[in-house]
Amino acid sequence: MQPGVAAGACCLEKPVFSKSAAVLRRVFKAFQYRDFRLMWIGACTSSIGTWMQIVAQSWVVYRLSHSAFLLAMDQFLGGIPIFLFSLIGGVIADRVERRKILLGSQYVQMTTATVLTILVATGTVHVWHILCLSFISGFAQAFGGPAYQALIPTLVEKDDMPNAIALNAIQFNVAVMLGPALAGQALAKLGEKWCFGLNAVSFLAPILSLSIITTRFLPVKTTESMFTSLKHGIQFARKQTSMEALIVLAFFMTALSMPMRTYIPVFVKDIFHRGPETFGNLLALMGVGSIIGSLSIAGAGNFQKKGRVALGALACLGAGITGFALSKSLPLSQALLVLVGASMMAVFATVNSLVQLITTNEMRGRVMSVYNFAFRGGMPMGNLLSGWLVPLFTAPVVLGVNGLLLILMAFYFLLVQRRLATL
């Protein structure tokens, strides 16, 4: 009797196991490509270090100045070079081997992290040092960003591109989850210099990955000027169905959502009356939500009606930000940050997939630089505006209004300007 039951149970479990294995293969399909795996591991390691520095840097700026404006200014100076130079970076990404551009970007960012480590360790750091180094790091990202976004899709087959983009988002959000949590512990127990020093060391991982991947982008030689190449990229983007709407959405989405992350230290110190460990934990919970959102998009594969999914997630993002802004309860805020992270990454990954799928490889660097111009440009502009508004109206009021505007934007594209909803 018992053997029969055991055998029956075994027979029942096999299909479940097979189904689970099939789901895992579908979710992580892009990992079958060696070069993608190498880039993923290198980027994830570096991103963990970067998020450790982001947490420590925000904390140091606020500790030294206790100024919400300078907190926003640091984010602005880190993002404005991307807004100013990413279009040129996209042209270069279509003219030069993208791997070399990325290596140069990693070396510059590793140097800035090393300098900041020395300044903090010797006790000579001032806010203006941090602001200058943020600008230099942002300048390197302005050229590395388009090259990286253009390189990732070339590492996999076209049908697996949405999965690769979603998995790339997962590595970023694994870092968002682990980096702040590690930074919170390091800040509390080891000191700020360890966050900056570990970030400097973490850049060795993508440098090694870029050195051993075999995929190469061989640009077509051209005699046209950089301005002409840039003009062709912009014209290509404008001719594509709904590309303009995607770019507008990307700009306002980041401009309205990213200030929330900037002002989490204000909520931690002034509303919850906690320390850096709580700050790191809140960002880690946001990273947990982001991984959930990314895994959901990765598991869905090349699904239909991406536009509706993106706009639905955008509405959830706005609701989560408004709820967080109004919350006075730490447990409720923690739960809302998971929702914010999940919906934010669902929007980012889906919109990025739509842009990549309608772009040809020879135009990819330029088109992604236009998208990056909007996506990353919204960050400094949103932080600059919020840095002016928060001292006047308080952080909860400004973030609450931002969340409501995101909800209104989602419904506008769903009900009025329906180009995105049909994609």
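**Chat: helix packing and aromatic pairs**

Modeller: Of the 423 residues of the protein chain, 58% count as buried (under 20% relative accessible area; exposed is over 50%, partly exposed in between, with a 1.4 Å probe and protein chains only). This is a predicted model: local features need pLDDT of at least 70, side-chain atom pairs count only at pLDDT 80 or more, and totals for chains, interfaces and linings use all residues. Residues are numbered from 1 along each chain as its sequence is written, and side-chain values use heavy atoms, with hydrogens and water left out.

Biologist: OK, how many helices and strands are in the protein chain?

Modeller: The chain has 16 helices and 0 strands. Those are DSSP runs numbered from the N terminus (helices are H or I, at least four residues; strands are E, at least two).

Biologist: How do H10 and H14 cross?

Modeller: The axes of H10 (residues 243-262) and H14 (residues 330-357) come within 11 Å and cross at roughly 155°. Axes here are lines fitted to C-alpha atoms, for helices over the stretch in contact, and angles run from 0 to 180 degrees between N-to-C directions. H10 and H14 are therefore roughly antiparallel to each other (over 145 degrees; under 35 is roughly parallel, 65 to 115 roughly perpendicular, the rest oblique).

Biologist: And which residues of H10 and H14 make the contact?

Modeller: On H10 they include Met243, Leu246 and Met253, and on H14 they include Leu337, Phe348 and Val355. Contact means heavy atoms within 4.5 Å. By class, the contact of H10 with H14 has 14 nonpolar, 2 polar and 1 charged residues (Ala, Val, Leu, Ile, Met, Phe, Trp, Tyr, Cys and Pro are nonpolar; Asp, Glu, Lys and Arg charged; the others, Gly among them, polar).

Biologist: Switching topic: how many aromatic pairs are there in the whole structure?

Modeller: A search of the whole structure gives 8 aromatic pairs. Rings of Phe, Tyr and Trp (its six-membered ring) pair if their centres lie within 6.5 Å; planes under 30 degrees apart are stacked, over 60 edge-to-face and the rest tilted. Take phenylalanine 251 and phenylalanine 252: the ring centres are 5.2 Å apart and the planes at 90°, so the pair is edge-to-face.

Biologist: What about phenylalanine 267 and phenylalanine 324?

Modeller: Their centres are 4.9 Å apart with planes at 50°, so that pair is tilted. Phenylalanine 267 lies in helix H11 (residues 264-271) and phenylalanine 324 in helix H13 (residues 306-326), so the pair ties together parts that are 57 residues apart in sequence.

Biologist: Is phenylalanine 267 buried or exposed?

Modeller: Buried, at 0% relative accessibility. Phenylalanine 324 is buried too, with a relative accessible area of 0%.
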